[in-house]
Amino acid sequence: MAGPTTARRGERHGAPAGPSADSDASEERRGSRLPRLRSPQSGAGRPGRPRRRTLIAGTVLIALLGGFGTWALYGSDWLRAEHVQVHGTDVLTEREVRAAADVPLGAPLASVDTDGITARLGDRLRRIKSVDVTRSWPDTVALTVTERQPVLVVQKGGKFIEVDDRGVRFATVGTAPRAVPRLEMDAADSPSLRRFGIPALNRAAVQVATALPDTVGKDVRVIRVRSYDSITLELTGGRRVEWGSEEHGTEKAKVLGALLKAARDARHFDVSVPSAPAASGS
């Protein structure tokens, strides 16, 4: 009687049974969901290929654009110097400026030597104080001129040499310009001539002329230099001004303007010491 009972207990408490067919199937299903690992050689370089193609295409495009730009600037007929515009002339004519500039018409505008044009104008036309040379695309070279203005003239024979505010003698004319004083150099026997020389005395006269305001300068007819310390002005109406040296020119000009207003009937003025001016004569 004990046999069957023991057998049933063995089935209930014995070693666990092996895996069943159902558990094997479920494991296969879970395994099918796991990602499959790719081998290192299966398309590892593919993500970089589009970037390389884009880089190569961009490089080729840049090269093509650069080549086209160079051709357009230097090889085509589109961007060439065909016209010359002149601005700022007063005494000079536009034709004179164009001829002196000698712009290479028909040449590529990008190759026009603007520094060379500036140098030619300065060498050939002394009246030009400065010039701005610019390329005006697509086909024009623009010349903006600033002319020298005379502050003194030096008479030589029947001609007049114009002198600017830097002491440059830039032009000879047949008629003296209006309201520009004439320089008279009377320093032949002066020690200043040996000590300073003619150029320094000329510069002193220029400094005096540039110090004068327009209200006074328009009445000055002659600036006479006897020595470095003895410069006189001859004004309209027979009036005369003792200026002294070129020093303190701005202060002297201001004092002279006040004297001319305060002593309208005076004929002699002395501003050589601007702190102690004097006026006399009638």
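1. Glu 234 stands opposite Arg 240 in β10. The two strands concerned in this predicted model are β9 (residues 230-235) and β10 (residues 240-244), which pair in the antiparallel sense over 4 bridges; strands count as paired if DSSP finds at least two bridges between them. The hairpin of β9 and β10 has 4 residues between the strands, and Gly 237 there takes a positive phi near 75°. Helices (H or I, at least four residues) and strands (E, at least two) are DSSP runs numbered from the N terminus.

2. β10 also pairs with β11 (residues 268-270), here in the parallel sense and over 3 bridges. Within this pairing, Val 241 stands opposite Phe 269 in β11. Together with helix α8 (residues 249-262), β10 and β11 make a left-handed β-α-β unit. A crossover is called right-handed if, with the strands pointing away from the viewer, the path from the first strand over the helix to the second runs clockwise.

3. The loop between β10 and α8 holds His 248. Phi of His 248 is near 60°, a positive value in a residue other than glycine. His 248 is exposed, with a relative accessible area of 53%; buried means under 20% relative accessible area, exposed over 50%, and partly exposed in between (1.4 Å probe, protein chains only). Asp 102, in the loop between α4 (94-101) and α5 (114-124), likewise has a positive phi, near 50°. At 46% relative accessibility, Asp 102 counts as partly exposed. Most residues other than glycine have a negative phi, and most peptide bonds are trans.

4. A further backbone feature is the peptide bond from Trp 137 to Pro 138, which is cis, with omega near 15°. Pro 138 lies in the loop between β2 (128-136) and β3.

5. Glu 147 belongs to strand β3 (residues 140-147).

6. Not counting residues up to four places away in sequence, Glu 147 touches Thr 89, Asp 90, Val 91, Leu 92, Arg 127, Ile 128 and Lys 129, where contact means heavy atoms within 4.5 Å.

7. Val 216 is placed in helix α7 (residues 214-217) and is buried, with a relative accessible area of 3%. Leaving aside neighbours within four places in sequence, Val 216 is in contact with Leu 256, Gly 257 and Leu 260. Val 216 and Leu 256 are 40 residues apart in sequence and 8.2 Å apart in space, C-alpha to C-alpha.

8. The protein chain as a whole has 8 helices and 12 strands. Buried residues make up 34% of its 282 residues. Among contacts between residues at least 6 apart in sequence, 45% join residues at least 24 apart.

9. On conventions, residues are numbered from 1 along each chain as its sequence is written, and side-chain values use heavy atoms, with hydrogens and water left out. As the model is predicted, local features need pLDDT of at least 70 and side-chain atom pairs count only at pLDDT 80 or more, whereas totals for chains, interfaces and linings use all residues.
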